[in-house]
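Hi,

Here is the structure for your files. My notes follow below it.

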Amino acid sequence: MQAYIQGTGCVSAQDNALFSGTVREHEGDRMPVADPDYKQWIDIKQIRRMGRVIKMGVAASHISLQDANLSMPDAIVMGTAYGCLADTGVFLNKLVTQHEDMLTPTAFIQSTHNTVSGQIALMLGCHAYNNTFVHGAFSLENALQDSLLLLAEDPSKQILAGAVDEITDYSHQILSRFRLYKNASTGNLLHSGTHGTVAGEGAAFFVLGAEKNEHTAAELTAVEMLYNPASEEETFVHIAKFLERFGRPDLLVTGRNGDVKNDGYYGAGEEKLFAGVPVAAFKHLSGEYPTAAAFAIWMTAGILKKGTVPAAAMFKGETPAAPKKILIWNHQNGKHHSLILLSAC
Amino acid sequence: MNGNVWIAGGGVISGIGHDLGQCMVAFEEMRPGMKTLQHLHSVHADTFPVVEVKAGNAELAQKAGMPAHWSRTALLSMIAAREAWQSTGLGDIAQYRAGFVSANTVGGMDKTEDFMKAFLEDTSKGSLREVVHHECGAVTELVADVLGIRHHVSTISTACSSGANALMYGSRMIRAGMLDVVIAGGTDALTRFTLNGFNTLMILDQQPCRPFDDTRTGLNLGEGAGYVVLVSDEIAKKIQPWCRLSGFANANDAYHQTASSPEGTGNFMAMQGALKMSGLAASEIDYINLHGTGTQNNDSSEGQAVERLFAPAYPPASSTKSFTGHTLGASGGIEAVFSAWALREGIIYPNANFTTRMKEIPFSPVTAFSKDNNLRHVMSNSFGFGGNCSSLVFSKE
Amino acid sequence: MEKLMADLKAQIIQQLNLQEVKPEDIGNDQPLFKEGLGLDSIDALELIVLLQQHHNIRIAKPEDGPNIFYSVRTMAEYITAEKNKTA
């Protein structure tokens, strides 16, 4: 099962200038998206109720549809680990402080996890299959797997697939208490050698089809998940099998996030399985969040289409000229591993 | 993409029973589960009847074999998922390529809302133990880990159709040859979050709900969990499966964020798509387990969509939410179990509290329990916010 | 009545987050829903809470909404009538 990426759209801490070598630098323990003017895509009457996560998702989906020159997808499938945190927070706050009295419906309605996919369908008038996965660091991966299944069942379909997650003040305060984050800058995060990472957020959407066309940016060759491996060894056996099936990549994009323990996993894996393969990273550009691999796909599809790797993305080894096969390996706490392979077309 | 997907078993916990057998007794004895809140604390306790699972967290935790401080959503999920697996007689799950696809709408919100009280007063306060399982997916993993499922674990959240969508995804992974068995369905515990949320929409009935009744004024919330065990042809040969999941479809109403279109466009498309996949004519459906929440809007839209697809001959139809309340993310799973069991036992479920036919539609729900009916095909509907409409068709063979 | 209507316009804009709408853009008799200001059923529920919060009036039946919330004037008239009832 593979698919062709016919269009990409991304709202993140970076923008398209990344591919021409301009990185948006951030400093602190939180890397917010560079909010575009959402009114480009969303009517003023509709925008008033939308939380930021909804705007991000709607914008990224529209950009990807425009990029693919597609007006109506045959399915909308997405992932979000946290859902609509801002509206959830607003409703919870009022629920507690107003003692369950005089609450208003808007925040509750918008807090539903499928608000973004529902809103995209509503704006497009799209009656097709619509699904939302909410499974932490596997949310995006399941949306992609669902899309690949849909294409295997009916190759004539064009699928809109993606993921979105946001940071809010509440979520950041709570997650910070788990000691997940530290202050760092885009330039030094991956070399800090200490515990902790930088929080991120973003939305990325892709149009996927079974046939190559003039818009195709790259091939989505494979998506695999490994849940809760008993040991590093088991993970490496799994990755080795994946490499036997699909071959060695020209570039490995890891989910390095600056946390010394987290990154050690990649280091060990590279030594064992990827000797001589150049390594890139993306979380110093996007921040860490459960669906950050969507940013990595956006970046990787751009690399394959343009045939150059942004210098800022390289982590070790020689920058490959015009890589043909790029593997994204992302994990969360060693419990969720995903392997996403993209190939040049 | 070939082969059949069979229902090898199922499990349910709801406000009318701690297992499928108890739920069946409640239907047979016409005992809906609406009561005043006992376990969840809310200022609305005396205003809105709910269908709470009749057990505290300590009791549920013991039954689930889980710590009592875990989200009630996980405890309910564990109890129903284990019942589902055990009902199959397939033995140790470790010998199969197994998946767990579970739906829920608010994850560990029951604990988060307790946490928020202290947190809002002082952001350095509130026990982190209460938010560690906040995410929907975290609840699923607690259960998957106890069940020992590792090949595939995922969570779907599409509001009130979530549970039905879990069956679809599980079934498609089996047909693609990725998995042998999938425990699929949904879970949701009552929370102040959802109770107050539905109250702001002014669609909670202060009386026991009356789905598909002209006098209906809203829904009652319920809680629980329900899972079926989906298996491939090869696994099904080893056992006597209940029935086959012969068709399903998801469509989007694309009309409004929460309300259904008056003519039930998405509802119609979902039912039509499920029939098409099963290769059946509408006239071959022998019973419809309606979404039937009891709100003005849902029952009117769903009724009109049923009319458009089934007129002039309507199969027996009822909403089991008149017993269990609306269990949100669990409802698609719970009603899939009821529908699959209906085929095995020839059961047509009653619709409680029905008195007056709706003016706008030409049929009434069934009001009496019966069994040993000759049922060959059963349809189950689940429709949710975001226009998310799903329909499942189960067939005896 | 004029003061009440002016207050209501400001409250509606704030409660419904009507960006780029100013109080003077809303006519006293302009329909608030559909072709008028373009409000929908979710806004109607928001307006019910607005009456409760700012004017201490509870509407139990949402189906009464369309008549009460037809325009700023009908809202003001309803509030005035309710206040007189309790006075």
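**Contacts of B:Ile348**

B:Ile348 touches B:Tyr287, B:Pro316, B:Ala342, B:Val366, B:Ser370 and B:Asn373, leaving aside residues up to four places away in sequence. Contact means C-beta atoms, placed from the backbone, within 7 Å.

This is a predicted model: local features need pLDDT of at least 70, side-chain atom pairs count only at pLDDT 80 or more, and totals for chains, interfaces and linings use all residues. Residues are numbered from 1 along each chain as its sequence is written, while chains are lettered from A and ligands numbered from 1 in the order in which they are written.

B:Ile348 sits in the loop between α12 (331-345) and β9 (377-384) of chain B. Helices (H or I, at least four residues) and strands (E, at least two) are DSSP runs, numbered from the N terminus. B:Ile348 is buried, because 21 other C-beta atoms lie within 10 Å; the cut-off for buried is 20 or more, with C-beta atoms placed from the backbone. B:Phe27 is 321 residues from B:Ile348 in sequence, yet their C-alpha atoms are 9.7 Å apart.

**Domains of chain A**

The assignment gives domain 1 (3-218) and domain 2 (219-343). Such bounds come from an automatic or database domain assignment. The C-alpha centres of the two domains of chain A lie 21 Å apart. Their contact takes 49 residues from domain 1 and 40 residues from domain 2. On the domain 1 side, α6(A) gives the most, with six residues.

**Chain B against chain A**

This contact takes 48 residues from chain B and 47 residues from chain A. On the chain B side, α7(B) gives the most, with five residues.

Best wishes

Methods:
A residue is buried if 20 or more other C-beta atoms lie within 10 Å of its own, exposed if 12 or fewer, and partly exposed in between; C-beta atoms are placed from the backbone. Two residues are in contact if their C-beta atoms, placed from the backbone, lie within 7 Å.
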